[in-house]
Amino acid sequence: MPRATLIGSGPNGLAAAVALARAGYAVEVVEAAGTIGGGVRSAASTLPGYVHDVCSAVHPGAYSSPFFRAFGRDRIDWIVPEISYAHPLDGGRAGIAWRDLERTADALGPDARAWRALLRPLSAHIEGVLDLTGGSLLRIPGDPVTAVRFGLRMLEQGSAMARRTFRTAEAAALVAGVVAHANTALPAPSGAAAGLLLLAQAHAGGWAFPRGGAQRIADALADDLRAHGGEIRTSSPIADLSGLDWGDPVRGDLLILNTSPRLALTLRDVPSAYARGIRSYRYGAAAAKVDFALDGPVPWSAPDVARAPTVHVGGTRAEVWASENAVAQGRVSERPYVLVAQPSVLDDTRAPAGGHTLWTYIHAPARSDVDATELVIRQIERFAPGFRDRILAAHAVTPRERVRLNPAEIGGDIFGGAFTMRQAFVRPVLAREPWRTPMRGVYLASAATPPGPGVNGMSGWHAARVALADAGERVGLADLFGS
Ligand SMILES: Cc1cc2nc3c(=O)[nH]c(=O)nc-3n(C[C@H](O)[C@H](O)[C@H](O)COP(=O)(O)OP(=O)(O)OC[C@H]3O[C@@H](n4cnc5c(N)ncnc54)[C@H](O)[C@@H]3O)c2cc1C
């Protein structure tokens, strides 16, 4: 039986591991951290009984991804909220992205038509959007019409033209809040691409998240892996691959890296052109994260915001762009854009009765020592006066500390490499199948390969797919999962 050694147990590593175990490989996953999951872990980081997501919290990408749909949606207890996300503004106003596109548009008054025109063609053709954004961009898209529409809107929303799309502050903020996920200077086409995908998902499948926390995603994958004979070894960081016994590539054994691609350079006989490509791959800005344990819900001024598991805090589009541009210039805005998740508004397993967990992060310069606690409290207070009084405990992780949680987060970059337009194509090198390395039997399966950041398992699936094809087995998801 051929062996497959996976370094890293993030969602992409486990997705590749599950696929290979089902394809008949003897799989071993080797993980640096003491617990499995990488970006899909949960822990009681503030107080006992308060379950916080260590990295990702909201999972539209996993819920809609071809990999996870084949794996089986029913193997994770998904909560699909009625409100995908909310964006509060001063004066008790808020933009609300209902899963129902029509309801969202109707509430936007003078922008109802513009909202429909932007998002109906994308959410109605979500499979085309997912096909375009779910793999390498160096191929002919399955739904060319949707791909062209997506591309044109990306150019519009990724440039100063975005200022002309909407008249209301609510609609403009709803778009700015998703575009800003990309952690890059704005406006930018890469941010617009990330934002349009998230918006299409907001009105199609929804911004789902697992009851019990992100860890449930890792646990479901690990259960399946073990059921197919795979093993996982934790607390085992690998700093150098040259001495690792991962088998014999001539016999068909595989080494799959769910890590920074830099680890590949510790192998012997790396072709110099490939090494140059990996060295010139760029890492981006970081995240400064704060988890809060609360003795009650956040007292948002706008009532519907209290029902939204995901909230973008940061004021108007101009403020959100200014916050992101400050980070790109190596600073943190005094009024930062804050990503907020309040899963306990719909998931009562996350905190003791009456209590709530709050997950927040801001973008911050790489390798900085930014403790975002006070900045986040002040921004949330602005839209939820009295928030400070609800805090029982807080736990902050600075950008510099992130790499200790996950060696793949170089400088605290949570995306596995800057998400720029160039690096949407060159990820980490320019190749039609960038999951394959020039070293025989060695593959990359992390967010440093297409489709890039986010929990969707697709980088892992593509790495396994290409490795299996190289071994002469052309299999699809349906062959492995029977769906
Ligand atoms: C704070 C934060 C918030 C986020 N929010 C969201 C969100 O809400 N929704 C979303 O979809 N995405 C979110 N993301 C992004 C998402 O978590 C990542 O894109 C995703 O986890 C990438 O998966 P991966 O498998 O490629 O890598 P990772 O999840 O990074 O996993 C890599 C694994 O490899 C291990 N590893 C690395 N190097 C070594 C080594 N040398 N030896 C042994 N093991 C090693 C690491 O410990 C880790 O377990 C967030 C990320 C962070 C950090």
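**Exercise 1. Determine how many residues surround the ligand and which are the closest.**

Solution. In this predicted model, 39 residues surround the ligand, and the closest are Gly8, Gly10, Gly38, Gly39 and Ser56. Residue numbers start from 1 along each chain as its sequence is written. Because the model is predicted, local features need pLDDT of at least 70 and side-chain atom pairs count only at pLDDT 80 or more, while totals for chains, interfaces and linings use all residues.

Next, assign the shell to elements, which are DSSP runs numbered from the N terminus (helices: H or I, at least four residues; strands: E, at least two). H1 and strand E11 (286–294) each give two or more residues to the shell. The largest share, three residues, comes from H1.

**Exercise 2. State the strand order of the open sheet and identify its edge strands.**

Solution. The five strands follow the order E9-E2-E1-E10-E16 with parallel pairing; two strands pair if DSSP finds at least two bridges between them. The edges are E9 (231–233) and E16 (442–444), each of which pairs on one side only.

Within the sheet, four bridges join E1 (residues 3–7) to E10 (residues 254–257). Leu6 stands opposite Ile256 in E10.

**Exercise 3. Identify the sheet strands that helix H1 touches.**

Solution. Helix H1 (residues 11–22) packs on the sheet and touches E1, E2 (26–30) and E10. Contact requires C-beta atoms, placed from the backbone, within 7 Å.

Notes. Two residues are in contact if their C-beta atoms, placed from the backbone, lie within 7 Å. Axes are lines fitted to C-alpha atoms, for helices over the stretch in contact, and angles run from 0 to 180 degrees between N-to-C directions. A residue is near a molecule or strand if its C-beta atom, placed from the backbone, lies within 6 Å of it.
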